[in-house]
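Please read this report alongside the sequence and the model. It covers helix packing, helix faces and a few single residues.

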Amino acid sequence: MDRFVSGFADDPFDKPPCRGCSSYLTEPYVKCAECGPPPFLLCLQCFTRGFEYKKHQSDHTYEIMTSDFPVLDPNWTAQEEMALLEAVMDCGFGNWQDVANQMCTKSKEECEKHYMKHFINNPLFASTLLNLKQAEEAQHNETAIPFHPADDPPRPTFDSLLSRDMAGYMPARADFVEEFDNYAEWDLRDIDFVEDDSDILHALKIAVVDIYHSRLKERQRRKKIIRDHGLINLRKFQILERRYPKEVQDLYETMRRFARILGPVEHDKFIESHALEFELRREIKRLQEYRAAGITNFCSARTYDHLKKTRDEERLKRTMLSEVLQYIQDSSACQQWLSRQADMYGYNSFPVYSSRRSAPPLNLTGLPGTEKLNEKEKELCQMVRLVPGAYLEYKAALVNECNKQGGLRLAQARALIKIDVNKTRKIYDFLIREGYITKA
């Protein structure tokens with residue numbers, strides 16, 4: 001009985017051999033419907049000769065395997081769909097001219113349009129409700145700017161300053177030097193599917209592959225969030241954050257964890273709208289103050305602001321003078337007042353005024369290596385303004401030298417790490433205090 005059934009093998013790019021002549025099969029070919037698994041496949045020449053092998057007989061029912069039918073587009077056969085996917089895998093995404101040359105049946109524009117429509121922008125392939133919602137919104141967003149890859153993306157040298165600023169991102173490959181879950185592939189290195197595997201062993205191997213696929217999806221999801229929100233160059237991202245007022249920066253920090261849910265455009269709109277609301281509230285409060293003072297024009301408002309600033313400065317001076325006169329007769333009260341003023345200015349004693357301002361603590365948010373530090377080490381890096389990666393290198397060098405010598409002196413530490421001597425002293429004292437190294 002002849003049954004003409006169209007089908008695929010488990011892997012469309014794996015060309016199985018003919019069981020009769022061992023040549024690689026080309027469509028159409030014949031599959032025995034009674035033998036297997038594994039499937040018993042024959043080329044047309046062996047089938048017409050009535051080839052028989054072990055349990056397979058020439059009178060068995062069979063299926064003719066072909067891909068000459070449309071799947072996603074009436075003008076594209078299933079065989080052309082598989083050829084397109086195989087060409088993209090061989091030539092790389094974006095090299096549409098090479099893809100078209102390998103396919104031979106479609107032009108460069110047809111290959112690009114079909115692949116983007118059915119394999120990239122097709123909402124039926126989305127696996128979550130969020131992706132479906134985003135695809136639906138994208139259909140109605142006519143003003144969206146299309147993405148065009150750069151002809152020659154930057155290629156920073158490994159471990160250069162630009163590469164470190166970009167967290168090891170390689171734009172030409174759209175990959176990081178060290179990916180999320182970087183060793184996920186190790187679980188697959190010893191897996192090999194063979195015909196004599198038991199059902200349990202085969203199912204176990206399939207489960208391992210499914211786990212690997214889920215880990216790859218999570219890696220791609222995180223990478224997409226980083227690219228969409230412009231987080232690759234963290235320094236530029238932090239500079240953009242500082243343009244907002246302090247209150248909006250605090251909101252930005254709080255809402256950052258929800259950015260992956262809202263999407264880049266919606267998240268930026270949310271932050272910008274709150275920044276605008278903050279500015280409007282501040283301006284309304286200032287105008288209400290002018291109205292309460294009887295001011296009706298902006299010229300008078302400028303004079304009012306200048307006089308108010310001068311008045312506030314004079315009030316502050318009078319307040320400080322009255323406190324000094326109040327406590328000058330009592331030495332203990334005077335000392336308390338001086339201590340309170342010192343705490344106000346952030347000094348250990350009464351402030352010595354100078355033109356030089358102390359640098360603020362370093363913000364470690366998002367810097368590589370921060371997750372490897374404990375709380376005390378984070379506090380040290382913030383105070384000495386040292387990035388976590390550099391601190392970990394200095395710490396490893398000092399600990400190794402201490403283990404070799406049985407102890408370490410400050411002069412040896414300064415010879416090992418060529419940085420500011422005050423920073424070296426603080427790092428040296430901290431490591432001794434925490435027990436990482438010992439004095440020689």
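Helix α15 (residues 388-405) packs against helix α17 (residues 421-434) at an angle of about 60°, and their axes are 11 Å apart. Axes here are lines fitted to C-alpha atoms, for helices over the stretch in contact, with angles running from 0 to 180 degrees between N-to-C directions. That angle makes α15 oblique to α17. Angles under 35 degrees count as roughly parallel, over 145 as roughly antiparallel, 65 to 115 as roughly perpendicular, and the rest as oblique.

This is a predicted model, in which local features need pLDDT of at least 70 and side-chain atom pairs count only at pLDDT 80 or more, while totals for chains, interfaces and linings use all residues. Residues are numbered from 1 along each chain as its sequence is written, and side-chain values use heavy atoms, with hydrogens and water left out.

**Overall make-up**

The protein has 17 helices and six strands. Helices (H or I, at least four residues) and strands (E, at least two) are DSSP runs, numbered from the N terminus. Of the 440 residues in the protein, 25% are buried. Buried means under 20% relative accessible area, exposed means over 50%, and partly exposed lies in between (1.4 Å probe, protein chains only). Take the contacts between residues at least 6 apart in sequence: 45% of them join residues at least 24 apart. A contact means heavy atoms within 4.5 Å.

**Helices around α17**

α15 passes α17 in a right-handed crossing. A crossing is right-handed if the near helix is turned clockwise from the far one by less than a right angle, and left-handed if anticlockwise. On the α15 side the contact is made by Y391, Y394, K395 and L398, and on the α17 side by I427, F430 and L431.

Helix α14 (residues 375-384) also meets α17: their axes come within 11 Å and cross at roughly 165°. That makes α14 roughly antiparallel to α17. The crossing of α14 and α17 is right-handed. K376, E377, L380 and V384 in α14 meet K423, K426, F430 and E434 in α17.

L431 sits in helix α17. Is L431 buried or exposed? With 0% relative accessibility, L431 counts as buried. Leaving aside neighbours within four places in sequence, L431 is in contact with Y391, K395, L398, Y436 and I437. L431 and L398 are 33 residues apart along the chain, and their C-alpha atoms are separated by 8.9 Å.

**Helix faces**

Helix α4 (residues 108-120) has 13 residues. From first C-alpha to last it reaches 17 Å, close to the 18 Å expected at 1.5 Å a residue. The expected span is 1.5 Å times one less than the number of residues. Which residues of α4 are buried? They are C111, H114, Y115 and H118. They cover an arc of only 100° around the axis, which puts them on the same side of α4. The arc is that of the directions from the helix axis to the C-beta atoms. An α-helix has 3.6 residues a turn, so residues three or four places apart point the same way. The buried residues of α4 pack against α2 (78-91) and α3 (96-103). The face turned away from that buried side carries the exposed residues E109, K113 and K117.

Helix α9 (residues 246-255) has V248, Y252 and M255 as its buried residues. Their arc is only 75° around the axis, which puts them on the same side of α9.

Most residues other than glycine have a negative phi.

**A strand residue**

K31 is placed in strand β2 (residues 29-32). K31 counts as partly exposed, at 27% relative accessibility. Not counting residues up to four places away in sequence, K31 touches P39, F40, L41, Y62, E63 and M65. K31 and L41 are 10 residues apart in sequence and 4.6 Å apart in space, C-alpha to C-alpha.
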